[in-house]
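Hi,

Here is the structure I promised to send over. Have a look at it first, and my notes on what turned up follow below.

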Amino acid sequence: MSIQTKDVEHVAKLARLHLTEAERDMFTGQLNAILKYADKLNELNTDAIAPTTHVLHLSNVMREDEVKESLPQEKVFRNAPDEEDGQFKVPAVLE
C-alpha cells in the first residue's frame, strides 16, 4: 500500500487546507515512509504473544459502597453564605 499525491490532495481538501506542490510532495513522502515502517512491523512473528488490552495490569481499585449517616442540616449550613427554609440561598442568575 502506498499513498499517492491525489490521496494527499483529497485529505487536504477534506481538512480545507491549501497545500503547495512542495508540501503535497513532502507529505506524500512522509506518509509513505510511515506506511513502509508499519509494513516492516508486520514482518515480526507474534504468534506466541498473547493479545493485550492494556500494557499495564489493571485491577478494580474502587472501594465498596457504604451507607453512612449524613451530616445534620445545622452543621451543613454553618459554612453556607446564606440559607432559607432549609435550602442554600444563592443570587438569581436569571433576570
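Predicted model: local features only at pLDDT ≥ 70, side-chain atom pairs only at ≥ 80, totals over all residues.

As for geometry, H1 covers residues 5–14 and H2 covers residues 21–41, and their axes come within 9 Å and cross at roughly 110 degrees. Angles of 65 to 115 degrees count as roughly perpendicular, so that is the label for H1 against H2.

The residue I'd click on next is Arg24, which sits in helix H2. Leaving aside residues up to four places away in sequence, Arg24 touches Thr5, Val8, Glu9 and Leu19. Its relative accessibility is 18%, and with the cut-off for buried at under 20%, Arg24 therefore counts as buried.

- Arg24 with Glu9: the closest N and O atoms are 3.7 Å apart. This pair joins distant parts of the chain, 15 residues apart, with Arg24 in helix H2 and Glu9 in helix H1. Glu9 has 36% relative accessibility, so it counts as partly exposed.
- Arg24 with Glu21: the N to O distance is 2.7 Å. Both residues belong to helix H2 and are three residues apart, about one turn of the helix. Glu21 is partly exposed, at 46% relative accessibility.

The structure has three salt bridges. Another one of them pairs Glu84 with Lys89, with 3.1 Å between the closest N and O atoms. Glu84 is partly exposed at a relative accessible area of 41%, and Lys89 is partly exposed at 41% too.

On to the aromatics. How many aromatic pairs does a search of the whole structure find? One. The ring centres of Phe77 and Phe88 are 5.0 Å apart and their planes stand at 65 degrees, which makes the pair edge-to-face. Phe77 is in helix H3 (residues 73–77) and Phe88 is in strand E2 (residues 87–88), so the pair ties together parts 11 residues apart in sequence.

Cheers

Technical notes: Residues numbered from 1 in each chain as written. Heavy atoms only, no water. Axes fitted to C-alpha atoms, helices over the stretch in contact; angles between N-to-C directions. Helix = DSSP H or I, 4+ residues; strand = E, 2+ residues; numbered from the N terminus. Parallel < 35°, antiparallel > 145°, perpendicular 65-115°, else oblique. Phe/Tyr/Trp six-rings, centres within 6.5 Å; stacked < 30°, edge-to-face > 60°. Buried < 20%, exposed > 50% of the residue type's maximum accessible area, 1.4 Å probe, protein only. Contact = heavy atoms within 4.5 Å. Salt bridge = Lys/Arg side-chain N within 4 Å of Asp/Glu carboxyl O.
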